[in-house]
Amino acid sequence: MVGAIFSFHLLFKDSPDAYMHKPLPLECASLNFRAFQYAQAMLFAIEEINNSTDLLPGISVGYKIYDACASIARAVRVALALTNGNEIVSTLSEATCTRPAQVQAILGEAFSSPCMAMATVIGPFHVPLISHFATCACLSDKTKYPSFLRTIPSDYYQSRALAHLVKYFGWTWVGAIRTNDDYGNNGMATFTEIAQQLGIYPPDKIQKIIDIIKASTSKVIVTFLSPTELYVIIHEFFLQKLTGYQWVGTEAWIFDIQTAAVDKHHILDGAIGLSIPKAHVSGMREFILDAKPLNTSTNVLFKEFWEALFGCKFKQSVSSAENEKECTGHEDVTQVQNSFTDMSLMPIFYNIYKGVYAVAHAVHNMLSCNKTCDNIVQLDPFIILQHIKKVNFKTKEGDEVYFNENGDPAAKYEIINWQPSGNGLVKFVTVGLYDASLPPDKQMNLQNKSLFWAQNSQQVPVSVCSEKCPPGTRKVLQKGKPVCCYDCLRCPEGEISNITDSITCVKCDPEFWSNERRDACVKKEAEFLSYEEIMGALLTAASLFGTCMTAVVAFIFFRYRQTPIVRANNSELSFLLLFSLTLCFLCSLTFIGRPSEWSCMLRHTAFGITFVLCISCVLGKTIVVLMAFRATLPGSDVMKWFGPAQQKLSVVGFTIIQVIICILWLTISPPFPFKNFNTFKDRIIFECALGSAVGFWAVLGYIGLLAMLCFSLAFLARKLPDNFNEAKFITFSMLIFCAVWITFIPAYVSSPGKFSVAVEIFAILASSFGLLICIFIPKCYIILLKPEKNTKKNMMGKGAPKSS
């Protein structure tokens with residue numbers, strides 16, 4: 001004996017207005033023709049089993065069907081009646097039955113809430129309860145509902161599938177509507193969890209649905225609603241004139257023709273969602289549509305159904321053919337007949353069919369183990385429950401039926417899209433499949449079909465809280481808002497993002513820099529003082545000009561080497577000084593160009609040695625002036641201690657000291673080419689690192705020491721009473737030299753990159769020009785323009801007449 005519980009009646013009329021008022025009294029108000037289709041599907045399966053010679057041979061399956069009247073309380077009551085064998089009213093059963101009234105399994109109900117109540121009550125009695133449409137994931141908890149099974153997948157899988165579907169179309173900001181019961185709460189909880197893992201965020205507190213929808217920027221709405229509850233929503237949408245929303249539905253309504261018929265204002269057009277895969281069971285459609293056998297039924301429910309279907313009173317004594325002739329159809333009857341002939345829920349009918357067969361196979365397997373049929377009267381529901389959990393068979397259509405450890409079947413869904421048809425109605429088009437048994441990357445399979453969206457658009461709607469962040473920016477979450485609400489901040493200099501919606505910016509390698517769009521790293525520009533740029537060309541020209549100028553002066557001195565002014569100014573030291581100045585001008589060229597290992601070592605050592613050589617010569621000339629003055633005093637023989645040989649040795653000695661300093665510097669830690677990434681962020685400065693800073697400052701310090709000594713001696717000799725006082729010009733030259741190099745130090749330290757090199761070259765050239773101009777130009781002036789003064793008498797003359 002198999003029991004069944006369907007809601008042949010509803011507690012109130014099926015209209016949106018009924019939901020907007022106070023609850024109506026607990027009474028059956030209107031027929032629900034879906035329940036009759038469910039009952040017909042069950043009877044079809046039972047008839048097939050009873051006519052089968054392979055399944056339960058010699059044993060007939062009986063049935064008892066109760067009307068739950070869409071009431072949880074009534075469903076619990078009839079479930080207990082089926083469990084303990086008591087008879088109550090409104091029962092559909094066999095006319096004659098010799099077996100006990102207690103059933104071995106119960107089919108139904110269609111919705112989760114009554115199933116939860118019934119499973120809780122009959123669970124301790126281990127009576128199997130098999131539902132064809134209750135999808136709440138909570139019913140998979142075998143600690144609470146140990147005897148519950150179902151032939152429809154759990155919402156756990158449907159919720160995950162919906163989340164992946166939403167993610168597939170790039171909707172990261174969606175609204176969600178649920179019923180405040182276990183179906184809605186559990187379905188939404190799973191959807192929210194998976195959606196957040198995928199970067200989707202539905203609002204979690206829905207108080208005023210319409211106000212929230214109007215205030216939200218989301219254009220996609222995911223629903224966990226039954227059809228009747230959905231009617232209320234779309235009716236309110238029409239009243240509020242809300243359009244352009246993309247609906248995502250569950251199997252509760254996405255494949256329901258009645259829902260499409262109620263949506264007269266096409267609020268749901270373009271909806272997409274998950275449906276149980278379509279099914280075809282040979283003979284079932286014809287069996288369900290064959291209403292004539294109901295004519296002979298003695299049950300009051302079938303009489304009521306007949307009258308509603310044909311619009312006339314049921315007459316038991318008249319044949320069915322005569323009944324049909326006397327019945328006159330009208331609009332309401334036609335609508336009822338259309339509801340009855342609607343086979344859109346064939347997958348649900350198939351679930352009922354599979355549920356009946358699961359019970360039959362379980363009993364068959366149990367009896368096959370017992371090897372006898374004497375135990376039929378002792379069928380234990382607990383043993384049947386254990387066998388149902390283990391059944392694994394194929395229907396005549398080739399579909400495999402089994403239950404997992406949670407009492408759930410395999411989760412497979414069709415992806416349905418509501419598309420317009422030519423007659424203004426809606427057609428349900430299968431556009432893809434979802435199979436939870438496949439690997440995650442293959443579960444969602446959308447076929448290459450054109451989809452229709454809200455307002456019959458063929459463009460995938462955009463529903464995001466924030467637009468995608470383009471390359472060159474990164475996402476920054478908005479405080480207090482969901483993870484899909486963010487601002488796009490441009491990457492800082494030196495960092496890039498080359499993908500859309502990047503959460504971080506990546507630093508470029510040291511030799512690279514971010515471009516203007518911050519989406520690619522480009523090689524940094526190498527910067528050094530080159531001959532091609534204006535500054536380098538000017539400094540090169542100044543160096544060559546100084547070299548040529550020095551050469552001209554040397555030529556003049558050589559041409560007039562026998563004249564008194566050249567001979568009186570120590571011609572050997574003068575030529576050596578001119579040679580060293582030439583080297584000073586030329587050494588500035590080593591600072592221009594791309595630094596290399598040899599150029600870095602050469603530029604600093606050449607500069608140090610040539611300048612010491614130059615200053616040594618000037619120092620020698622200064623000492624000669626002082627010694628010459630003292631030699632004119634009576635009894636003085638100081639010149640014999642500083643003759644030409646001593647002068648040359650002093651120059652060599654001073655220079656060798658600098659050479660030793662440079663050798664030590666190059667040996668211990670020489671200068672080397674260096675890529676400076678720190679001075680400028682967007683450029684690489686090629687420069688010569690000092691190596692040992694002590695060596696560099698020792699070279700400069702030694703030059704400065706000699707320059708200060710030379711300046712001091714020249715300053716002492718500035719007022720010597722010669723007609724041509726060379727010490728005065730040396731003083732000026734040393735003053736310029738010291739001023740240049742004193743200002744060089746802060747300028748060099750504070751100048752960035754190639755400008756520090758330019759400052760150093762300028763200091764070399766300025767001090768070299770100072771020495772050349774101050775010491776040699778006045779002599780050249782006399783030689784070339786005032787030859788009358790270039791006489792021995794004039795050189796030895798005094799500024800005032802002698803007294804004796």
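I began with helix 8 (residues 227-240): at 1.5 Å a residue its 14 residues should span 20 Å, and the end C-alpha atoms are 20 Å apart, so the two agree. The expected span here is 1.5 Å times one less than the number of residues. Helices (H or I, at least four residues) and strands (E, at least two) are DSSP runs numbered from the N terminus.

A word on provenance: this is a predicted model, where local features need pLDDT of at least 70, side-chain atom pairs count only at pLDDT 80 or more, and totals for chains, interfaces and linings use all residues. Residues are numbered from 1 along each chain as its sequence is written, and side-chain values use heavy atoms, leaving out hydrogens and water.

I then checked burial in helix 8, with buried meaning under 20% relative accessible area (1.4 Å probe, protein chains only). Pro227, Leu230, Tyr231, Val232, Ile233, Ile234 and Phe237 are buried there.

Next I looked up an open sheet of three strands, ordered 24-26-25 with mixed pairing; two strands pair if DSSP finds at least two bridges between them. Strand 24 (525-527) and strand 25 (672-676) are the edges, each pairing on one side only.

How do strand 25 and strand 26 run? They are antiparallel, joined by five bridges, with strand 26 covering residues 683-689. I found Lys675 opposite Phe686, and Pro673 has Cys688 as its bridge partner.

Strand 24 runs parallel to strand 26 through three bridges, and Ala526 stands opposite Ile684. Six of the seven residues of strand 26 are buried, so this strand is largely enclosed by the rest of the structure.

**The cores**

Last, I went through the nonpolar cores, meaning sets of buried Ala, Val, Leu, Ile, Met, Phe, Trp, Tyr and Cys residues joined through side-chain atoms within 4.5 Å. The largest has 69 residues, and Phe607, Phe737, Trp741, Leu771 and Phe776 touch the most other members. Helix 23 (754-785) is among the helices that each supply at least two residues, and its 15 residues are the largest share.

I picked out Phe737 for its contacts (heavy atoms within 4.5 Å). Leaving aside residues up to four places away in sequence, Phe737 touches Phe611, Ile615, Ile703, Ala707, Ser767 and Leu771. Apart from this core lies another, of 63 residues, including Ile59, Tyr357, Leu367 and Leu385.

Technical notes:
Buried means under 20% relative accessible area, exposed over 50%, partly exposed in between (1.4 Å probe, protein chains only).
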